[in-house]
Structure formats: structure tokens, C-alpha cells
Amino acid sequence: MDRNGLTVSVKEARKIILSSITPLEPEEISILDAQNRILYSDIKSEIMIPPLDNSAMDGYAVMAEDTKGASEKNPRILKLCGEIQAGNFSKSKISKGTCMRIMTGAPLPEGADAVVPFEDSEDDNSATKIFTEINKNDNIRFAGEDIRKGDIALKKGDILNPADIGLIASLNNSRVKVYKRPEVAIISTGNEIVDINAEIIPGQIRNSNSYTLYSEVKKYNAIPHIIGIARDNIEETINILKKSLEYDIVISTGGVSMGKYDFVKEAYLNLDVDIKFEWVRVKPGRPCMFGQKGNKLLFGLPGNPVSTLTSFIQFVRPAILKLMGANKINKPVVEAILEEDIKKKPDRLHLIRGIFTIRNNNFYVATTGPQGSGILRSMSNANCLIIIPQNITKVTAGEKVNIQLINHDEIP
Ligand code: AMP
Ligand code: MG
């Protein structure tokens, strides 16, 4: 049987999806809730950070030229004329032959142009012995060396990490404007699908997709809602989709293939969803629908648990990030040395579950083993997807392949 409907490549599919998305509205939130949220507008600094030249060490503020020729055997002796603790400011000046005790972070007194660390000195409360020669500007942190007044400290579209949040705090903001989080409806379809804890009989299958997707959606900071399971009939499929259209994104799994009981396309048509594509030239995940109704995005992902997840990673994840205004939405792709032979048909792009390791500064990659699209274990073990282009039929161990990193916070 022919596959009617628009077939696209992975690249084309992503382009279609991303070009149909306008980012959501902004909202202002506490910086305490801002981790992984996406910045709505540039943050420009009105101040210098640090605001004043200050000491990078506990030690003595000096004029560097006063330390010339100083050594362990032949120390320079300077008159000690005060102490500056962090948090204080000294109005006195350093002049030739004098120094001031200074703590890390304390503002440098006028006249001083370097700091001698405590380790290289010794004092008896009136005079300080300097045991080493230092240069002008040594151990000083300069005003504005972190951020200058007028600098763009953070850019619109940045995904906020803990250091970014610290930066926002140091610019004296307790709140930050970020894009709203998309609300995502998650639907399973299938007569055979049974939820956790419900009694199961032979022939039925436990729902895993809803939970995989829930966690993926959460991982990108969108808001997941598990709507339920639709049985394989047109009425239930329409009803559950209709109900889900109050959310920004509707993801369903299953019911998009060529089976007699696959009703997602018919339901989309019934609901006037503008179908943008129905098939993707990729394995796993060929049946994969994307459509729009107004500004709502609908993804009809394939039912097999691995296909569901790889399709989510390729298509739904970028959509969520674009809706949230991110300016970086691609997973990293790197070259790796293949550790086993791979053969495939020249039918479509293959995404093969892989495990990469880094040895001697090289990426190596092996497959996770059998690649059936129902083997969710293979996805749970994988930290990358090996990308084999459509027209390639064989790659031999030792050759280089591209891998997309998918679960790489910790590297084996
Ligand atoms: P379908 O695309 O509806 O033909 O489903 C393909 C395969 O995916 C079937 O073998 C289903 O049992 C399985 N499947 C569909 N939905 C789920 C789900 N929510 N959780 C686990 N497996 C599923
Ligand atoms: Mg089904």
C-alpha cells in the first residue's frame, strides 16, 4: 500500500516545525525559580562589577616599585599605616615607602598599584617585610573586569544557568522576565494500552509512552499534562484531541501508521488541523504527523516506545525550546570512531542508539545492541544517537560517524 500524504526528511520536518512557531508571551518570575528558563530580553548592566579596584588576595597594598629587588634574604621594609577589611573603605593614601594590610575583596587604597600576598611578607604591626618583588597590577581585580557599565550581561534567548542567575543577582535584580512555559497535553492511543496499576491480560501492553514524554517535557521546563488513553475508534480519538487543544502543544502516541485502527489522521482532519507532514524519512519513527490549529501545535508520534522518544527528541523538543524563546535549540553533534560494523538499507536516515565513550581525547561509539523500536532498554542505555545518512549502506568499525548527544550530563 502507498503511504499517502507528505513525506519529509528529518531536516525538512524540523524546518517546517520551527518556521511555524512564534515564541510565547513573557512573564516576570523570582530568580529563585529561573533555572533553565529562557530570558525574554537582554540584560544590560547599569553598573560596574566589581564596582571598585580591589584586592584579589589577603596581603599588603603597596606601590609595586617599592618591592624592587626584594627577596627572602633581602626584604624591603615598608611602614605599615593601616588595615582595610572587606566591606570597609580607606580614605588614607599609600605613598612611597608605606603599605596597608588588605583583605581579599577590600577596595584598593589610593596610591597602591599592587598587592603582596601574606605568604610573601611578615609584619610586626608597624613595619612590613616584603620578601618578593612584584609587578604593577599584581593581585588586583579591576573595576568592571567582570561586567562594565553598559555591557549586555545576558542575551535574550539565553537558557539561564546557575551562574547566570548569580549574575542577575549581582546586578541587583530579584526578578527576571522570561518566556512563559508551554503547556503540553500527552495522549496515548491504543486498545491494548493499559495504565500503571490497572489489571493486565495477555495481549495488552503497559503504558510507558505517557511517562517517558511527561519526563521529557519536564526536562525542558515545559508543563506536562497526562490526558489519558484513547481507544482505537474515531470518536474517542477526536474527543481526547479536542479536549487537549486548550494546551499549547498536543502530543499523541500511536495510531498514525497504516493500520486499520489508526485514527489520528482522520481525527486531525475532522478537527480542521492543518497537517504539515505525515511521514518522515527516518528509522525509527517513519509515521510521524505534525499539524497546526491556530497557534496550537499537534504532534502525532509513532507508538513504539523508542520511536516515540527519538521523534520527541528530533521534533517536539526543538518546538518547546522555540516556543520558550531559546536561541540555541540543537543537540550537539560530534564525530566519533565507530567500534563495530553497521549495515543498513539505503531507505532512510537511521538513528541508531549508541553509547559513546571518550578515550585519549577521541569519541568512540558502539551500538546498544538490538535496535527494535520496541526495545526501550536500548534507549535507556543510550547516551547518543548514531546518525547514518539515507544513502549509506555500510559503515565499518574504525570509520568516523556523526553522533547526536542525547544524555550526556555525565560522561562514562
Ligand atoms: P501503533 O503506532 O499505534 O500501531 O503502536 C505501535 C506499537 O507501540 C504497538 O505495539 C503498541 O503496543 C506500542 N505502544 C503504543 N502506545 C504505547 C504506549 N503508550 N506505551 C507503550 N507502548 C505503546
Ligand atoms: Mg495503536
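Glu65, Asp66 and Lys96 are linked in a network of salt bridges (a salt bridge is a side-chain nitrogen of Lys or Arg within 4 Å of a carboxyl oxygen of Asp or Glu). By this rule the count comes to 14 salt bridges. This is a predicted model, in which local features need pLDDT of at least 70 and side-chain atom pairs count only at pLDDT 80 or more, while totals for chains, interfaces and linings use all residues. Residues are numbered from 1 along each chain as its sequence is written, and side-chain values use heavy atoms, with hydrogens and water left out.

**Salt bridges**

- Glu65 forms a salt bridge with Lys96, with the closest N and O atoms 3.3 Å apart.
- This pair links distant parts of the chain, 31 residues apart: Glu65 is in the loop between β5 (59-62) and β6 (76-84), and Lys96 is in the loop between β6 and β7 (98-102). Strands (E, at least two residues) and helices (H or I, at least four) are DSSP runs, numbered from the N terminus.
- Glu65 is partly exposed at 48% relative accessible area, and Lys96 counts as exposed at 58%. Buried means under 20% relative accessible area, exposed over 50%, and partly exposed in between (1.4 Å probe, protein chains only).
- Arg37 forms a salt bridge with Glu27, the closest N and O atoms being 2.7 Å apart. Arg37 is buried, with a relative accessible area of 5%, whereas Glu27 is partly exposed at 27%.
- In the salt bridge of Arg359 with Glu339, the closest N and O atoms are 2.8 Å apart. Arg359 lies in strand β25 (residues 349-359) and Glu339 in the loop between β23 (333-338) and β24 (342-343), so the pair ties together parts 20 residues apart in sequence.

**Nonpolar cores**

- The largest nonpolar core has 43 residues, and those with the most contacts inside it are Ile251, Val280, Phe299, Phe312 and Ile320. Such a core is a set of buried Ala, Val, Leu, Ile, Met, Phe, Trp, Tyr and Cys residues joined through side-chain atoms within 4.5 Å.
- Helix α6 (residues 305-323) gives the largest share of this core, 10 residues.
- Domain 1 (7-24 + 181-323) and domain 4 (333-405) both give residues to this core, so it lies between them; domain bounds come from an automatic or database domain assignment.
- A second, separate core of 19 residues includes Tyr247, Val250, Val273 and Met289.
- Ile251 lies in strand β18 and is buried, with a relative accessible area of 0%.
- Beyond its neighbours within four places in sequence, Ile251 is in contact (heavy atoms within 4.5 Å) with residues including Val184, Leu213, Phe299 and Phe312.

**Sheets**

- Seven strands form an open sheet with mixed pairing, in the order β1-β19-β21-β22-β18-β14-β17. Two strands pair if DSSP finds at least two bridges between them.
- β1 (7-8) and β17 (223-230) stand at the edges, each with a single partner strand, so one side of each is left without a neighbour in the sheet.
- Strands β19 (residues 274-280) and β21 (residues 287-293) pair in the antiparallel sense over four bridges, and Asp274 stands opposite Gln292 in β21.
- Another open sheet of mixed pairing has six strands in the order β8-β5-β7-β6-β10-β9. Its edges are β8 (114-117) and β9 (121-123), each with a single partner strand.
- β9 and strand β10 (residues 127-130) pair in the antiparallel sense over three bridges.

Technical notes: Chains lettered and ligands numbered in written order.
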